Amino acid sequence: MVELTKPRERGRMAEPDLLVSKAFIGGEWVGTVAAPIEVDDPFTQDVFAEVASVGREQTQAAVDAAERALPGWASKTATERGRVLRRWRDNLIEHKDDLAALITRENGKTFAEARGEVDYGAGYIEFYAEEAHRARGETIPPPAPGRRLVVEREPVGVCAAITPWNFPLALLARKVGPALAAGCTMVAKPSELTPLTALAFARLGEQAGVPKGVFSVVTGEARPIGDVLTASPVVRKLSFTGSTAVGAALAAACAPTVKRLSLELGGNAPLIVFDDADVDTAVETALVAKFRNGGQSCIAANRIYVQRGVLDRFVSAFAARIGAMTAGDGFDPASDIGPMIDDRTLLKVDRHREDALARGARCIVGGASPGGRLSIPTLLADAPADALFTREETFGPLAAVVAFSSVEEAIRLANDTPYGLAAYLCSSDPATIDRVSRRLETGTVGINTGAVATPLAPVGGVKLSGLGREGSAHGLAEYQNLKYLCHAGL
Ligand code: ADP
């Protein structure tokens, strides 16, 4: 049995109304129509909430409501839409601690990280509240006299979002922000593991004045909800964050209705430390890139390649920091990382560690899981380049170091994967930085930093890591169609 930090304080909320157990469809709160979703607390493993499970009919009702709400929302000015988004952002910040308590309770991450996630997610709503104004069109010098060529941006229409459990607020906010700013309406399906954060997010949107039907949250079994959203001819775009296998299946299901797609899928990020790197900077980069959210992040550094000249210094400095980390209850301020989301995730970390050890890696610090869903921050050295963790996303607090000799070898190892979401490199030589960052086949490169996430920049993948970008003006364009108007006889 795991011991609770402060049983009576655990997850207590200032505004208990934010713990919502109903789905939000067309502006109405809808109760369950099937066996409810049981939401467990990853630390205690107790079910602490039951959330409505809705099916095909209710999902169709959400799509219908989004279709009805579309003309009114799309015809508002950018300023009006921006104002609603701004109020929503303010509500998120005002209720930061309650939202963070929900995130920690259903996801397990530390309360400090959960608060950071609310800031990060609210940042997307804030950015797109402002960016709505900047969705400018173009005029093109005409090919013949008497003509005027104009390009306008129009909202794509009704959109669907399917989101994962690892950043239950931020990954939803970065879809909702640009969709609503562009004048689209949206039906979102959060992960069954973390539906409560999405519902609280929706309630704060309702309170901010988001009109009925503009944003709905359907909670329940993934398959029937996904089937309705992907098959509907009314839904013109799907934005999905999750595994490559599910993303590819959803893309196939969207093909007959030729929907636009944004897919942020699996990653397998390399982190490369070159001989000339500043060791402290490299360790800081690796800590953030590896252990953010307990390693349960798509852009987590999954493979750490270190050049032989700096290997011993890096490993001992990294080990000292990892050894000082504590895995525990997310509500305990002494915890650096919380529990893993579920047993499957925990067992995968164990499998990757055992596989690397069986192939000759050395455990420098950490080791076997202590019980419950806790996974101890662990560092392995002398890992071989073909260990399982180099091929599959570990999604946990296992850092394993593979040694390399030359710059070319590092580039080859880094790109030796079908994935291409993020990469990190540490070097103090501008020529190495330039040469390597250009050759890395990823959508993002962190250079001497693991902290790359910001609403101001476009993130997304290449290869099997996905399509489209989220964040920045590029993220807004994903929710807009270009319309070319050709005026003649002027
Ligand atoms: P992860 O392994 O990170 O949980 P998944 O791809 O399994 O990633 O899940 C991401 C999201 O996709 C979740 O909201 C999940 O419920 C949803 N999902 C999984 N399978 C399907 C499906 N067949 N149709 C629609 N959504 C799905």
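Predicted model: local features only at pLDDT ≥ 70, side-chain atom pairs only at ≥ 80, totals over all residues.

Student: How many helices and strands does the secondary structure of the chain come to?

Tutor: The chain has 14 helices and 22 strands. Its radius of gyration is 23 Å, close to the 23 Å that the globule rule gives for 490 residues, so the chain is as compact as a globular protein of that length. Along the principal axes, the C-alpha trace spans about 70 × 65 × 40 Å.

Student: What share of the residues of the chain count as buried?

Tutor: A residue is called buried when its relative accessible area is under 20%. Here 58% of the 490 residues count as buried. The accessible surface of the chain comes to about 19,000 Å², and carbon and sulfur atoms account for 52% of that surface.

Student: How far apart in sequence are the residues that contacts join?

Tutor: Consider the contacts between residues at least 6 apart in sequence: 74% of these join residues at least 24 apart.

Student: How far apart are the mean positions of the positive and negative charges?

Tutor: The chain has 53 positive and 59 negative charges, and their mean positions are 6 Å apart.

Student: Into which domains is the chain divided?

Tutor: Domain 1 comprises 7-265 + 465-484, and domain 2 comprises 269-455. Their centres, taken over C-alpha atoms, are separated by 30 Å. Across the two domains, 33 residues of domain 1 are in contact with 31 residues of domain 2.

How values were computed:
Residues numbered from 1 in each chain as written. Heavy atoms only, no water. Helix = DSSP H or I, 4+ residues; strand = E, 2+ residues; numbered from the N terminus. Rg over C-alpha atoms; globule rule 2.2 N^0.38 Å. Buried < 20%, exposed > 50% of the residue type's maximum accessible area, 1.4 Å probe, protein only. Contact = heavy atoms within 4.5 Å. Areas by Shrake-Rupley, 256 points an atom, 1.4 Å probe, with all protein chains shown as cover. Lys, Arg positive; Asp, Glu negative; His and termini not counted. Charge placed at Lys NZ, Arg CZ, Asp CG, Glu CD. Domains from an automatic or database assignment.
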